[in-house]
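Colleague: I would like to learn how to read a model of several chains. Please take me through it feature by feature.

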Amino acid sequence: MNAWLVAAAVLMVAGLGPVLWCVATGPLRRRVAAQNTGTLLVCLVLLLLARGYARPPYTDVALVVALLGPVGTLVYARLLGPEMGDDPQQGPLTKAFAVLATAAVVLPLCVAEGPGRSLVKLLLIGAILVGGNVISSQALAGARPKEADDHG
Amino acid sequence: MRCFDGRMAWGRVSGVVEVAVWWAVLFALWLFLISTVDALEILVGGLVSLVGAATAAAARRAVTDR
Amino acid sequence: MNRRLRMWVLLLGLAGTAAVLAAAAFRLPAFGTDFHPYGDRAVREALARQTANTVAAVNFDQRAFDTLGEETILFAAVLGTVVLLRQARDERHVEPAPADVAAPVRRYALVLLPVTLVAGLYIVAHGQLTPGGGFQGGVVAATALHLLYIAVDYRALERIRPLGVFEVGDAAGEAAYLVIGVAGLLAGSSYLANTILPHGTFNTLSSGGTVPLLNAAIGMEVACAVVVLLARFLDQAVEIEGEGENAGGNAGEGERK
Amino acid sequence: MADVLIALALLLVAATATAAVAVRDPARQALVLSVLGLTLTLLFTVLQAPDVALSQLAVGSALTPLLILLSVRKARRRSLDQVRAEKEAEEGGT
């Protein structure tokens, strides 16, 4: 078990434990925000695992999480938006955490990777991940109660 | 009438440019995704990027022109 | 049969299943050893046909006929859903209302849609080399299109989704799998045998013989099937109103036809 | 030592699955379900089955939530309107 796998294990327990707690309890908006953070953490864990097992093809799994995770959150923001209108907003900490956590994981991975096409792939996954996470947090913050049920 | 034609022609040119730009971006993405580069990879990547570029332009039109 | 008797029958069944499972579990090889009789044979066969991803070799070569069954289940399930969720006589069609979504979210969807689509097609095309394949990539590609509903609205999705084409694509993907199977027969071997194409160079896109072709057929079938399936669900949730079902509430009356 | 990761992933899956059963409202359940999909992805990856992980991810991250929430929306609208119609009938009767 190398350092990358230890980091993955720590991130799994310290990150996904609280996410599970927040997704199962509390106001709806916080639950969706926790799900959003969960996709981010799982993507980072998968990147660490791919490096730790020395299997570059495993990064494809992380790429799919980075692409589809925010889509899932947007589904909730879209279809549960009217329900979570009155819930308290998430502070800016969630977004800051997303950026910092991604940087803290992706940059060491890039340093270990060295220059090459897979470095660009890593940076690409990191960029998609942060962008998607920030945008879906924004969509979540913008969700508000509607006057009537809609057909949209 | 001429003005109308001109606008149509401009629309067609800008549509082609839009698809071309998207194609270039998506093809570059494909080159970073794959691990080994050979002729077949480039051919498949070009076709896939073309599908992606056409969809991107169609989606953009579906959102803005209405 | 009264409730008490039913519970006893259930308990008997559960106890039997538990006993059989426990007996089987004790005779399993120990966890984490390097004794893998099935894995060793599968890997040997996969390498013999130049297929880098052994899972793809198992799914589309060694037991390609099972995959045909799975594909047909999906095809039949989607067909059943289409029949069940059609617009019934006592339901009416309502024009979907435009939704107002924040501009950054809309722009993000327009950028991410082609990227996700290309990533999905990449996963389909590299099924024989890296993890993934027709099913996974097909679902990713189909999800990409639905970004237009999720981040814009249903009218935008309907404009780039010619449903008839996707229905034909669903059937064509299923048919392509069958035809590739028959090609094996015509080439003088068995149904779905991986003998009609050269196996190529290991770890390139053209390796694995028919595996990439079958992957492409599955990818097309799955992507189209998911689009058709979601179209029925979306129609029911957005466009179709049942008897006495007044979804518009009091506002937005103008949208009704 | 590599078994530690498998044990952790299994524990996470068990905890999330229990939470998914314990949450009763279908819409909130869909949220826990998508986290369950993510933990299953991790479990399959540490068991060295990335193909299965990708399948789980492709289906579980956006498609399943969308199907569940669309169904919930349709069902809720129908029951809401039944309640409304009954209330109207009552008011009309008295």
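Modeller: Start with burial: a residue is buried if 20 or more other C-beta atoms lie within 10 Å of its own, exposed if 12 or fewer, and partly exposed in between, with C-beta atoms placed from the backbone. Helices (H or I, at least four residues) and strands (E, at least two) are DSSP runs, numbered from the N terminus. Residues are numbered from 1 along each chain as its sequence is written, while chains are lettered from A and ligands numbered from 1 in the order in which they are written. This is a predicted model: local features need pLDDT of at least 70, side-chain atom pairs count only at pLDDT 80 or more, and totals for chains, interfaces and linings use all residues.

Colleague: Which residues of helix α3 (residues 54–62) of chain C are buried?

Modeller: A56(C), A57(C), V58(C), N59(C), F60(C) and D61(C) are the buried ones. They pack against α2 (37–48), α4 (64–84) and α9 of chain C. Contact here means that the C-beta atoms of two residues, placed from the backbone, lie within 7 Å.

Colleague: How should I read the two sides of a helix?

Modeller: An α-helix has 3.6 residues a turn, so residues three or four places apart point the same way. Take α1(D): its buried residues are L5(D), L8(D), A9(D), L12(D), T16(D) and A19(D). They cover an arc of only 95° around the axis, so they lie on the same side of α1(D). The arc is that of the directions from the helix axis to the C-beta atoms. On the other side, D3(D), A7(D), A14(D), V21(D) and A22(D) are exposed. The cover over the buried residues of α1(D) includes α1 (3–24) of chain A and α2 (26–46) of chain D.

Colleague: Which pair of chains shares the most contacts?

Modeller: Chains A and D do, out of five pairs of chains in contact. That contact takes 34 residues from chain D and 33 residues from chain A. On the chain D side, α1, α2 and α3 (50–93) each supply at least two residues. This side divides into 25 nonpolar, six polar and three charged residues. Ala, Val, Leu, Ile, Met, Phe, Trp, Tyr, Cys and Pro count as nonpolar, Asp, Glu, Lys and Arg as charged, and the others, Gly among them, as polar. Chains B and D do not touch; their nearest C-alpha atoms are 16 Å apart.

Colleague: Why does V105(A) count as buried?

Modeller: Because V105(A) has 24 C-beta neighbours inside 10 Å. V105(A) is found in helix α4 (residues 93–113) of chain A. Leaving aside neighbours within four places in sequence, V105(A) is in contact with L44(A), L47(A) and L48(A).

Colleague: And confidence?

Modeller: pLDDT is the predictor's confidence in each residue, from 0 to 100. Chain C has a mean pLDDT of 87, with 94% of its residues at 70 or more. Over residues 247–257 of chain C the pLDDT is below 50. Where pLDDT is low, the predicted coordinates should not be read in detail.
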